[in-house]
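Subject: Structure for your files, with notes on helix packing

Hello,

I am handing over the structure below. Please read the notes under it alongside the coordinates.

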Amino acid sequence: MRHWSRSYLLLLRWSAIRLRHTLPLMVIIQTMLAVGIVIGFSFLVPAMDQQTALYLSTGAPTLGLITVGMVLAPQLVAEAKTAGTFDHNRTLPVPRSAILAADLSIWLLSALPGLVLALFTATLRFDITLDVSPLVVVAVLLVALTATAIGYAIAYGTSPTVANLIAQLIVFVSLMFSPVNFPAERLPEWLRAVHQVLPFQYMAEAVRDTLAVPADGIGAAPFAVLAVWCLLGLAVTVRIMTRRG
């Protein structure tokens with residue numbers, strides 16, 4: 001355990017140094033995206049009701065977490081593959097789980113400023129009051145971990161070109177065709193069925209229900225589905241990281 005902790009701290013420091021020029025830009029981009037969704041999408045809705053305001057207020061930070069974990073992180077992994085950093089990391093005399101934990105910590109920390117600022121902007125823009133549950137910490141951590149685990153599984157399991165293309169597709173689907181900023185009932189029936197399997201809807205529900213607790217309480221289903229997706233992503237990632245050759 002001591003070896004793992006020391007490896008994790010050293011890897012965390014090394015990742016921060018390696019990304020010292022890129023990370024601030026990533027924080028700015030995802031923060032602008034989250035805040036931009038709150039402000040920009042509100043222009044599309046002339047008569048802002050309470051439900052729409054709630055979906056935009058909680059959907060923006062969710063999309064920020066998705067962007068960091070499933071788009072920006074995989075793109076940097078693809079770049080590391082091209083540069084040879086990926087293969088170098090696999091030769092280090094440290095636990096592979098420590099490498100993954102250090103990377104996950106970096107992405108989570110980079111997503112927090114955008115999440116907080118998006119919520120602050122939403123409360124000012126829509127004059128909305130949130131009923132925040134302590135479980136919001138669990139929800140945010142689980143969404144961030146799940147998004148990054150899936151993103152890493154895609155980036156580690158495919159070529160850099162394919163990973164970048166999938167990352168761009170995820171941006172398009174999550175922003176325009178996922179029930180994150182609007183209710184699932186507005187989607188065609190076939191697309192609603194697709195989102196019963198994909199993680200986007202459950203990410204939004206976990207964040208929304210813990211930021212504005214519904215009358216019937218916080219459901220366990222979104223957390224359970226996200227846990228399954230998270231474990232699958234981590235399993236694929238660790239399997240590739242520990243694979244010989």
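This is a predicted model: local features need pLDDT of at least 70, side-chain atom pairs count only at pLDDT 80 or more; totals for chains, interfaces and linings use all residues.

Residues are numbered from 1 along each chain as its sequence is written, and side-chain values use heavy atoms, with hydrogens and water left out.

Helix α3 (residues 50-83) and helix α5 (residues 96-126) have axes that come within 9 Å and cross at roughly 160°. That makes α3 roughly antiparallel to α5 (angles over 145 degrees count as such; under 35 is roughly parallel, 65 to 115 roughly perpendicular, and the rest oblique). Helices here are DSSP runs of H or I with at least four residues, numbered from the N terminus. Axes are lines fitted to C-alpha atoms over the stretch in contact, and angles run from 0 to 180 degrees between N-to-C directions. Residues in this contact (heavy atoms within 4.5 Å) include A53, L56, V68 and L76 of α3 and W107, L115 and F126 of α5. By class, the contact of α3 with α5 has 15 nonpolar, 2 polar and no charged residues (nonpolar is Ala, Val, Leu, Ile, Met, Phe, Trp, Tyr, Cys and Pro; charged is Asp, Glu, Lys and Arg; the others, Gly among them, are polar).

The axes of α5 and α6 are 10 Å apart, at an angle of about 125°. That makes α5 oblique to α6. In this pair, L100, D103, L104, W107, L108 and L115 of α5 meet V140, L141, A144, L145, T148, Y152 and Y156 of α6.

The largest nonpolar core has 70 residues, of which M70 and W107 touch the most other members. Such a core is a set of buried Ala, Val, Leu, Ile, Met, Phe, Trp, Tyr and Cys residues joined through side-chain atoms within 4.5 Å. α3 gives the most to this core, with 15 residues. Leaving aside neighbours within four places in sequence, W107 is in contact with L19, L23, M26, V68, A73, L76, T148 and Y152.

Y55 lies in α3 and is buried, with a relative accessible area of 13% (buried is under 20%, exposed over 50%, partly exposed in between, with a 1.4 Å probe and protein chains only). Beyond four places in sequence, Y55 is in contact with V180, N181, F182, P183 and R208.

Regards

Definitions and conventions:
Helices (H or I, at least four residues) and strands (E, at least two) are DSSP runs, numbered from the N terminus.
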